[in-house]
Amino acid sequence: MAIGTELQVVDDQNERTLDGAERAAVLLLALGEEHGRHIWERLDEIEVRQVSAAMSKLGPITPKMLEGLMGEFVHKLTSTGALTGNVDATERLLGTFLPDDRVALIMEEIRGPAGRNMWEKLSNVQENVLANYLKNEYPQTVAVVMSKIRSDHAARVLSILPEEFALEVVNRMLRMEAVQKDVLEKVEQTLRVEFMSNLSHTSRRDSHELMADIFNNFDRQTEARFLAALEEESRESAERIKTLMFTFDDLGKLDAASAQTLLRNVDKDKLAVALKGANEAVREFFFGNMTARAAKMLRDDMDALGPVRLRDVDEVQSEMVNVAKDLAARGEIMITKNKGDDELVY
């Protein structure tokens with residue numbers, strides 16, 4: 001299928017030019033599921049994306065436009081009237097011969113989540129992930145990418161890249177003139193196919209990780225009930241979830257600097273309630289990361305509380321765990337399940 005040529009189509013109303021991808025889209029839309037399937041199956045990944053994007057934006061295609069494109073085939077097709085290319089029609093057609101996850105990925109790029117384009121999406125990719133991919137690209141390609149994403153994100157990515165490589169990218173950016181449209185489109189296509197599609201698969205969370213996150217937010221009675229029931233069904237799954245869960249007791253494995261950062265971000269009244277229901281080892285850990293005077297005042301506050309409902313303890317302990325996760329996500333502390341283990345990324 002010649003994707004690179006153009007066709008001049010004239011109807012009674014106005015003159016309209018269809019480019020190669022639009023021509024292919026009109027043809028495949030007209031052929032429909034039965035006759036178009038074999039053509040779709042022979043397109044490569046980039047061609048499928050090009051044609052799908054063009055099809056979703058075609059709008060009305062009149063019989064006269066079909067005649068200019070398809071010649072003798074128009075006589076078989078005009079009886080059905082005009083065609084309309086839109087997002088829904090494109091999605092239905094793709095769904096007849098492509099796996100659901102691939103269709104979803106293509107349609108997300110066409111629609112764009114919340115209207116975002118490729119460069120906006122890249123600006124939301126973690127800088128270390130983006131830098132790890134770009135370090136293997138040509139400096140000129142990286143210069144184009146850096147010139148298109150947000151400047152604050154570009155700065156973070158450049159600071160992670162190898163220094164000599166990053167300097168070469170900077171020099172290319174300084175000498176770079178206006179990027180030709182076809183070059184920019186080629187870079188976008190490469191990023192979609194080689195980077196964003198792979199990222200969408202690799203970033204998909206393991207179901208046990210997701211469930212461990214949910215269990216972390218149960219109160220301890222609900223957590224115990226569900227784990228007990230799950231152990232009867234699948235001991236392996238229950239053990240894996242328990243391994244992945246990050247609980248209040250795991251806060252006792254923070255390094256000293258992380259513990260002190262956490263303490264500065266937790267309300268002292270809530271800390272007293274949380275430690276009221278903690279085991280002795282966790283209590284001593286937090287007392288050990290305070291001044292002697294602050295630790296004594298906290299013990300006095302805990303004594304003054306009297307009996308505390310288990311539900312209240314669970315609630316504030318869960319809040320502290322969430323505060324710790326937020327701090328870890330911002331890079332302010334490091335949290336681990338066991339001292340010496342790899343960092344858990346949330």
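**Figure 1. Arginine 172 is partly exposed, at 24% relative accessibility, and pairs up with glutamate 168.** This is a predicted model, so read the distances that follow as computed ones. In this close-up the two side chains meet in a salt bridge, with 2.7 Å from N to O. Glutamate 168 is partly exposed too, with a relative accessible area of 28%. Where do the two partners sit relative to each other in helix α11? Arginine 172 and glutamate 168 are four residues apart there, which means about one helical turn separates them. An α-helix has 3.6 residues a turn, so residues three or four places apart point the same way.

Figure 2. Leucine 167 belongs to helix α11, which runs over residues 163–175. Is leucine 167 buried or exposed? With a relative accessible area of 53%, leucine 167 is exposed.

**Figure 3. Lysine 296 and aspartate 300 form a salt bridge in helix α19.** The closest N and O atoms of this pair are 3.2 Å apart. How accessible is lysine 296? Lysine 296 counts as exposed, because its relative accessibility of 51% falls in the class that starts over 50%. Aspartate 300, at 40%, counts as partly exposed. Elsewhere in the chain, salt bridges with shared partners tie Glu127, Arg150, Asp152 and Arg156 into one network.

**Figure 4. Arginine 150 and aspartate 152 are bridged, as two members of that network.** Their side chains meet in a salt bridge of 3.1 Å, N to O. Both ends are partly exposed: arginine 150 has a relative accessible area of 38%, and aspartate 152 has 36%. As a rule, side chains of opposite charge can pair when their charged atoms come close. How many salt bridges does the count come to? The total is 10 salt bridges.

**Figure 5. Histidine 153 is tucked away as a buried residue of helix α10.** That helix takes in residues 151–160. Histidine 153 has 2% relative accessibility, so it counts as buried, the cut-off being under 20%. Which residues does histidine 153 touch, leaving aside those up to four places away in sequence? The answer is Leu122, Ser123, Val125, Gln126, Glu127 and Leu130. One of these, Glu127, also turns up in the salt-bridge network with Arg150, Asp152 and Arg156.

**Figure 6. Helix α15 has a buried side and an exposed face turned away from it.** The helix spans residues 235–244, and its buried residues are Ser237, Ala238 and Ile241. Why do these three end up on the same side of α15? They cover an arc of only 100° around the axis, which puts them there. The face turned away from the buried side carries the exposed residues Arg235, Glu236 and Thr243.

**Figure 7. Stepping back, the chain holds 20 helices and four strands.** Of its 346 residues, 38% are buried. Among contacts between residues at least 6 apart in sequence, 68% join residues at least 24 apart. The chain exposes about 20000 Å², and carbon and sulfur atoms supply 50% of that area.

Conventions. Residues numbered from 1 in each chain as written. Predicted model: local features only at pLDDT ≥ 70, side-chain atom pairs only at ≥ 80, totals over all residues. Heavy atoms only, no water. Helix = DSSP H or I, 4+ residues; strand = E, 2+ residues; numbered from the N terminus. Buried < 20%, exposed > 50% of the residue type's maximum accessible area, 1.4 Å probe, protein only. Contact = heavy atoms within 4.5 Å. Areas by Shrake-Rupley, 256 points an atom, 1.4 Å probe, with all protein chains shown as cover. Arc of directions from axis to C-beta. Salt bridge = Lys/Arg side-chain N within 4 Å of Asp/Glu carboxyl O.
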